[in-house]
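Welcome! Please take a moment with the sequence and the model below, and then we can walk through a few of the details together.

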Amino acid sequence: MLLLAADKTPAPDPGPDPTWERAVPLAEAAIKSELIDPSSAQFEWPYNFSSGSLKGLLTKRRAGWITCGWVNAKNRMGGYTGRVWFIVVINNGVVTDSAVGTPDGIDYASATCPNLLKQGFLKPAPGPVPMAGATPAPSPEAFAAAADAGARGAAARGGVGISFVPTPYGAMIAAVAPGSPAETAQLKAGEMIESINGISIKGFDSGTIMKMLSGSSGDVVFGVVGVGPVTIKRPAK
């Protein structure tokens with residue numbers, strides 16, 4: 001299992017920022033090379049690449065630009081295995097480490113990625129997955145500024161104080177407003193909300209999720225992936 005290095009030895013060089021537009025195709029190619037049916041791969045990219053170093057139990061620290069995501073692909077029988085974690089490390093424009101999880105979750109990607117998420121290492125992706133000829137994604141700075149403004153605006157209107165990005169697997173938190181009920185509940189950017197008050201929101205669009213939040217009064221319970229139920233206490237209106 002890989003873990004964020006926490007010792008006091010000098011951190012190895014992660015190399016230059018590969019940029020979102022270049023890193024995603026590199027990473028997808030590496031992950032596909034580990035799949036039985038690469039053409040069937042369905043990727044989800046909720047998190048940006050962040051610089052850091054990882055250390056395995058019996059390996060040296062490896063530095064680079066690291067991210068996690070999910071992939072679903074067909075197995076030898078032609079059926080989809082189900083959504084599993086993947087982890088990728090890029091250094092100097094080359095994928096130096098990658099791994100795909102297993103459906104039973106007993107593997108280093110499935111163990112390491114939730115750990116990185118809980119530590120706050122994984123940050124929200126700067127935009128959609130880049131496609132050839134597509135409009136460039138906004139810069140991480142522009143995305144972060146818009147997400148922060150959205151969260152603060154939600155808090156000012158009496159909401160829980162988050163901005164989010166809808167995904168097929170729930171609402172990924174993009175930002176949490178300081179002093180908001182969400183911050184008090186210790187929600188963090190990058191976490192995935194999969195249910196609201198026990199109702200699954202997987203595949204819901206942003207408008208539907210907003211209606212669910214604005215339509216409920218008093219406390220609200222989020223089901224957060226890797227965390228469990230989180231109660232957000234809102235002030236009485």
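Where is the place of Q186? In this predicted model, Q186 sits in the loop between α4 (181-184) and β9 (192-196). Although Q186 is not a glycine, its phi is positive, about 65 degrees. T19 also has a positive phi without being a glycine, with a value near 70 degrees. You will find T19 in the loop between β1 (3-4) and α1 (20-32).

Let us turn to helix α2, which covers residues 108-118. At its start, a side-chain oxygen of D107 comes to within 3.2 Å of the backbone nitrogen of A109. A109 is buried in this helix, as are S110, T112, C113, L116 and L117. Just after α2, G120 has a positive phi of about 80 degrees.

C113 leads us to another feature. Searching the whole structure turns up 1 disulfide. C68 and C113 form it, with their sulfur atoms 2.1 Å apart. The pair joins distant parts of the chain: C68 belongs to strand β4 (residues 62-72) and C113 to helix α2, 45 residues apart. The link is left-handed, with -85 degrees about the S-S bond.

| Residue | Relative accessibility | Class |
|---|---|---|
| T19 | T19: 35% | T19: partly exposed |
| Q186 | Q186: 58% | Q186: exposed |
| C68 | C68: 0% | C68: buried |
| C113 | C113: 0% | C113: buried |

Why does Q186 count as exposed? Its relative accessibility is 58%, and exposed means over 50%. C68 counts as buried because its value is 0%, where buried means under 20%.

Note on methods
Residues numbered from 1 in each chain as written. Heavy atoms only, no water. Helix = DSSP H or I, 4+ residues; strand = E, 2+ residues; numbered from the N terminus. Buried < 20%, exposed > 50% of the residue type's maximum accessible area, 1.4 Å probe, protein only. Polar contact = N/O pair within 3.5 Å; in protein donor to acceptor, adjacent residues only side chain to side chain. Disulfide = S-S within 2.5 Å.
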